[in-house]
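Visitor: I'd like to learn how to read a model like this one, feature by feature. Could you walk me through it?

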Amino acid sequence: MEMTGSGLPPCSRWEYRTRPLCGGALLSSASTRFTPPSIASKSGALIGCRGRFSSPVFTSIGTSGSGSRCRRGRRMSINAAATGTLQKGIAEFYDNSSGIWEDIWGDHMHHGFYEQESDVSLSDHRTAQIRMIEESLRFASLSDYSLKKPRSIVDVGCGIGGSSRYLARKYGAKCQGITLSPVQARRARELATAQGLADKVSFQVADALNQPFPDGQFDLVWSMESGEHMPDKTKFVNELARVAAPGGTIIIVTWCHRDLSPSEESLRPEEKALLNKICDAYYLPEWCSTADYVKLLQSLSLEDIKAADWSQYVAPFWPAVIKSALTWKGITSLLRSGWKTIRGAFAMPLMIEGYKKGLIKFAIITCRKPAS
Ligand SMILES: C[S@@+](CC[C@H](N)C(=O)[O-])C[C@H]1O[C@@H](n2cnc3c(N)ncnc32)[C@H](O)[C@@H]1O
């Protein structure tokens, strides 16, 4: 397996509609049988937690299935109490901040995919957010012309349902969204009703790590910028694979830290310090790398595993969010939405710093569950 994820060929404004694959590199593919998650999790993979959710509360590690290590021995999961604290923080964070985000940015709570670095207006940002969805679908080979359009979709970490409604409309599919935030679920339902999509999309408060769905239900499993919140990446990926239908596609678009070099045991202290500050502001557990995700998917014998670093295509996003926060409307809304949101706003420059230093990577990882 070789990762060649960084260099995507630039897409022109129009090309992204028509080119078969705009960027991204084939990472790996596996054609072995799908391994049930309960078995696969014993193979041991990644990722832990930090900051307020850090080491004192780690669960057991190793190959027991209740938590495990990656190659370099980092821990993968936190215990139930810490997970509960984290999830309460996430729910409150989005309960408080989703209204202001929607007011200024609309119903997509994720980065845009940009074709140019500067002079981007707010409407360009909205276009870029839609482009992010389209590019992600295309990267996973789910183009408009695909013979096998998804009929059932789960939107894992759905926000106020921007992706759910878009995908349901695009494919004429049924889509179920889950979020930890009751405010988001309610607003997502309101918007679906207002847009005449109430029979196509539904939303509930539920945990991505224990999804309320039977095995093998969804043709498309979609996680747009929610993976970074997951305190147990193994369980997260296991759940994505479990609910995917045979032959179904899994798309994870998420924040990662840079891949470690073969000689590195961990990130450098100053890198960890920067990520820790971001974690505190945005209710994130410990980060993992794109390579870590790929290994997890491989451990589940998923097929057509692909990954890419799209950091360069999202560069205008955070400067624009900061600019919008510094308007009169932004400042007054921030003041009304409380301390958690204000703290999130103060952390925005840290995201820019992380990207500039090559520490933060905007990653897409996709794969397919074997057909049988
Ligand atoms: C940055 S928002 C992204 C929202 C949406 N995907 C979008 O692109 O508009 C992160 C979302 O992940 C959700 N989330 C975080 N942890 C979760 C969990 N354990 N289970 C379900 N949703 C979770 C949050 O509630 C929030 O809706």
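Guide: Let's go from the whole chain to a few local features.

Guide: This is a predicted model, where local features need pLDDT of at least 70, side-chain atom pairs count only at pLDDT 80 or more, and totals for chains, interfaces and linings use all residues. Residues are numbered from 1 along each chain as its sequence is written.

Visitor: How many helices and strands does the chain have?

Guide: Helices (H or I, at least four residues) and strands (E, at least two) are DSSP runs, numbered from the N terminus. Here the chain comes to 13 helices and eight strands.

Visitor: And what share of the residues counts as buried?

Guide: A residue is buried if 20 or more other C-beta atoms lie within 10 Å of its own, exposed if 12 or fewer, and partly exposed in between, with C-beta atoms placed from the backbone. Of the 372 residues, 50% count as buried. As for contacts (C-beta atoms, placed from the backbone, within 7 Å), residues 24 or more positions apart make up 76% of those with a separation of 6 or more.

Visitor: Which helix is hardly covered?

Guide: That's α11, residues 328-337, where the count of buried residues among its 10 residues is one.

Visitor: Now, how do I read a pair of packed helices?

Guide: Two packed helices are described by the angle between their axes and the distance between the axes. The axes are lines fitted to C-alpha atoms, for helices over the stretch in contact, and angles run from 0 to 180 degrees between N-to-C directions. Take α3 (80-105) and α12 (339-346): their axes come within 8 Å and cross at roughly 75 degrees. That angle makes α3 roughly perpendicular to α12, a label covering 65 to 115 degrees (under 35 is roughly parallel, over 145 roughly antiparallel, the rest oblique).

Visitor: Which residues of α3 and α12 meet?

Guide: Glu92, Phe93, Asn96, Ser97 and Ile100 in α3 meet Lys340, Thr341 and Gly344 in α12. The residues of this contact divide into two nonpolar, four polar and two charged. For those classes, Ala, Val, Leu, Ile, Met, Phe, Trp, Tyr, Cys and Pro count as nonpolar, Asp, Glu, Lys and Arg as charged, and the others, Gly among them, as polar.

Visitor: At what angle do α8 and α13 cross?

Guide: The axes of α8 (269-282) and α13 (348-356) cross at roughly 145 degrees and come within 10 Å. On the α8 side, the contact is made by Leu274, Lys277 and Ile278, and on the α13 side by Leu350, Met351, Glu353 and Gly354. These divide into four nonpolar, one polar and two charged.

Visitor: How many residues surround the ligand?

Guide: A residue is near a molecule if its C-beta atom, placed from the backbone, lies within 6 Å of it. Here 24 residues surround the ligand, the closest being His110, Gly157, Gly159, Ala208 and Ser226. The elements giving two or more residues are α3, α5 (162-171) and β3 (174-179), and α3 gives the most, with three. The shell divides into 10 nonpolar, 12 polar and two charged.

Visitor: Why does Pro246 count as partly exposed?

Guide: Because Pro246 has 13 C-beta neighbours inside 10 Å. Pro246 lies in strand β6 (244-257) and, leaving out residues up to four places away in sequence, touches Gly216, Lys369, Pro370, Ala371 and Ser372.

Conventions:
Two residues are in contact if their C-beta atoms, placed from the backbone, lie within 7 Å.
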